[in-house]
Amino acid sequence: MGTLTLGPNIVLGHIEFFVLIVVYVLLSVSQLIFCIRTPNGSILTSSSQFNVMNYGAIGDGLQDDTPAFSKAWADVCGAIGEIPTLTIPAGKTFLLTPISFHGPCKSSNIHVEIQGKLVAPDNRGSWKNCEANCWIVFSSVENLIVDGSGKINGTGSIWWQNNDPTTRDNALCLINCNGLRLQGLTHVDSPKSHISISGCNNSIISNLQIMAPETSHNTDGIDIISSNRVHISDSIIQTGDDCIAIGSHTSWLNITGITCGPGHGISVGSLGKEGEDAKVEEIYVKNCTFKGSLNGARIKTWQGGLGYARNIIFEDIPLIDVGNPIIIDQYYCDGAKNCGTAQSGVKVTGVSYRGFHGTSKTAAAISLNCSSTVACTGIVMESINIVSSTSSYDTYAVCINAQGKQSLVAPQVPCLTH
């Protein structure tokens, strides 16, 4: 078939030469496809892994890695194809000043894998330009997955001595991220709330550990507002305020397998502050354990509010040395005095408590303190047995302007029918 001489001692047949050309072309194309230089000067590979170390991150916990994270995010959010992943490697501690990760992104799914540690600045002067009053913000990223075995440390101790929560920021905020998956991480020592979720529909939050000292003020575990069809599960929350706080315009929320305490319980509210028109409904809390918490299942509303909190179920709840295991407080005042009363109030209706068993460290194990002008209605209590943590007192129930029924409840609730 003939031969072709390429140089001294190199003689190829036509077939061999053709194969060589094909291989060369394929290799060239593969370099174009799998080795593309981005505007930031980094190299993208077919794996769609964007490691912050490749963008100049140091990871010593001392030098500011915020610019490297911002550059990496620009490539992640602009990538297409398989799920782009922002990789934060194990064994490193990354110091971040306030940072925002904005969408929408080109890919329909984005993955943020946190295996290392993220730490906030330990001086107040570095907390500047916090978007949405938050240290780390993800906004408008559809189908965002944030997971890993890493830790998010808000360095909150520099803020806690200031009891004014308006001067402090939350640690992690997720805003308008529909299809969110947040799981596996450890969140510690936020200046204020550890996790704030707003406008995140059809989302799953699971397998988290959230920890702050019991004496740290306003360090909620998870705050959720304006979100529908969210499942929060299988997490340990130990903080200085609400383990989970459910804000207005939230519906179809499932909370299961939470261990809460220390903390202020799982709370619907507060609702109705400054005349807010609140809307909370279809809330289901099941198999959640309260251990040493200040409250258990709590609903709290301000005087003068509007709207409703309705169709709420607390079911199968173990109690271990809990203050206020069951409480509705429609005169919530957030520590202030002389809040006064009003003719309007958030209407609380259709609330069921089933299968509460355990001990209370306060004598008033059940407290239904409803508005004098807007009664709590449709209250159902079944299979409840709450006894004292000590032998020094018996538990009892307080019931003001509440209507409903009870069955197999101890202590008995005087204003509910049998």
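A disulfide is taken here as a pair of cysteine sulfur atoms within 2.5 Å. The structure is a predicted model, in which local features need pLDDT of at least 70 and side-chain atom pairs count only at pLDDT 80 or more, while totals for chains, interfaces and linings use all residues. Residues are numbered from 1 along each chain as its sequence is written, and side-chain values use heavy atoms, with hydrogens and water left out.

By the sulfur rule, the count comes to five disulfides. One of them is formed by C370 and C376, with sulfur atoms 2.0 Å apart; at -110° about the S-S bond, this link is left-handed. C370 counts as buried because its relative accessibility is 0%, buried meaning under 20% relative accessible area, exposed over 50% and partly exposed in between (1.4 Å probe, protein chains only).

Another disulfide joins C134 to C173, S to S 2.3 Å. The torsion about the S-S bond of C134 and C173 is about 105°, so this disulfide is right-handed. C134 lies in strand β12 and C173 in strand β15, so the pair ties together parts 39 residues apart in sequence. Strands (E, at least two residues) and helices (H or I, at least four) are DSSP runs, numbered from the N terminus. Both C134 and C173 are buried.

Strands β12 and β15 also belong to an open sheet of eleven strands with parallel pairing, in the order β9-β12-β15-β18-β21-β23-β25-β28-β30-β32-β34; two strands pair if DSSP finds at least two bridges between them. The edge strands, β9 (99–102) and β34 (396–400), each pair on one side only. Within the sheet, β15 (residues 170–175) and β18 (residues 195–198) pair over four bridges.
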